[in-house]
Amino acid sequence: MPNVGDADNKTGAPVKHYPHEDTARYARELMTEVRAAEIRLQNLIDEHDPSITVTATTAIPMDELLRVKATSTAEAIFHAPVYLIEAVDPSIIGGIILEALGKRYDASIRAQLSAVHKGLVSGKRGA
């Protein structure tokens with residue numbers, strides 16, 4: 001049953017107020033606070049943690065040897081300690097793709113085949 005609150009400014013009729021509206025408003029406010037806290041926490045972590053997150057994509061799951069090699073290669077490229085996230089994408093056929101800080105280093109077989117294809121196609125046009 002709705003609660004009757006202040007009168008509506010336009011009609012002067014009482015405004016109906018439902019309890020679930022309070023619950024929904026509270027939930028929205030709470031979610032806003034949670035998001036703000038999440039951002040503050042991530043900023044604190046970023047300030048005190050020099051490591052970066054690198055996504056390494058391979059055609060098949062990495063074994064320990066490839067994981068170590070990918071991590072050391074990423075650390076050399078980005079000059080920072082690395083937290084490696086592994087992804088599997090069979091469409092890259094082989095090789096590896098490293099992504100971090102808005103940069104992408106594509107050493108996949110798919111990229112190499114694409115480069116060869118572009119070279120062949122542009123070579124045919126020039127002949």
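Of the 127 residues in the chain, 17% count as buried. The model is a predicted one, and the chain exposes about 9700 Å², of which carbon and sulfur atoms supply 61%. Mean pLDDT for the chain is 87, with 83% of the residues reaching 70 or more. Confidence is lowest in strand β1 (residues 3–7), where the mean is 51, and highest in strand β4 (residues 82–88), where it is 97.

## Overall architecture

The chain contains 3 helices and 6 strands. Read from the N terminus, these elements follow the order β-β-α-β-α-β-β-β-α. Among contacts in the chain with a separation of 6 or more, 51% are accounted for by residues 24 or more positions apart.

## Strands β3, β5 and β6

Strand β5 (residues 95–100) pairs with β3 in the antiparallel sense over 4 bridges. Strand β5 also pairs with β6, again in the antiparallel sense, over 6 bridges. The hairpin of β5 and β6 has 2 residues between the strands, and leucine 101 there takes a positive phi near 50 degrees.

Isoleucine 97 gives a residue-level view of both pairings. On one side, threonine 57 stands opposite isoleucine 97 in β5; on the other, isoleucine 97 stands opposite aspartate 106 in β6.

Threonine 57 itself belongs to strand β3 (residues 52–58). Its relative accessibility is 9%, and it therefore counts as buried, the limit for that class being under 20% relative accessible area. With residues up to four places away in sequence left out, threonine 57 touches Ala87, Asp89, Ile92, Gly95, Ile96, Ile97 and Glu99.

## The aromatic pair

A search of the whole structure finds 1 aromatic pair. Phenylalanine 78 and tyrosine 105 form this pair in an edge-to-face arrangement, at 5.7 Å centre to centre and with 80 degrees between the planes. The pair links distant parts of the chain, since phenylalanine 78 lies in helix α2 (residues 64–78) and tyrosine 105 in strand β6 (residues 103–108), 27 residues apart.

The two partners fall into separate accessibility classes. Phenylalanine 78 is buried, with a relative accessible area of 12%, whereas tyrosine 105 counts as partly exposed at 35% relative accessibility.

Leaving aside neighbours within four places in sequence, tyrosine 105 is in contact with Ile77, Phe78, Ile96, Ile97 and Leu98. The C-alpha atoms of tyrosine 105 and alanine 74 are separated by 9.6 Å, although these residues are 31 apart along the chain.

## Salt bridges

Side chains of opposite charge can pair when their charged atoms come close. The structure holds 5 salt bridges, including those tabulated here.

| Aspartate 22 | Arginine 25 | 3.0 Å |

Arginine 25 and aspartate 22 both lie in helix α1 (residues 19–48), where they are 3 residues apart, about one turn of the helix. Arginine 25 is partly exposed, with a relative accessible area of 37%, and aspartate 22 counts as partly exposed at 31% relative accessibility.

Glutamate 64 and arginine 67 are separated by about one helical turn because they are 3 residues apart in helix α2. Arginine 67 has a relative accessible area of 25% and is therefore partly exposed. Glutamate 86 counts as partly exposed, at 37% relative accessibility.

Taken together, Glu64, Arg67 and Glu86 are linked in a network of salt bridges.

Technical notes:
Residues numbered from 1 in each chain as written. Heavy atoms only, no water. Buried < 20%, exposed > 50% of the residue type's maximum accessible area, 1.4 Å probe, protein only. Contact = heavy atoms within 4.5 Å. Areas by Shrake-Rupley, 256 points an atom, 1.4 Å probe, with all protein chains shown as cover. Phe/Tyr/Trp six-rings, centres within 6.5 Å; stacked < 30°, edge-to-face > 60°. pLDDT = per-residue confidence, 0-100. Pairing = 2+ DSSP bridges. Salt bridge = Lys/Arg side-chain N within 4 Å of Asp/Glu carboxyl O.
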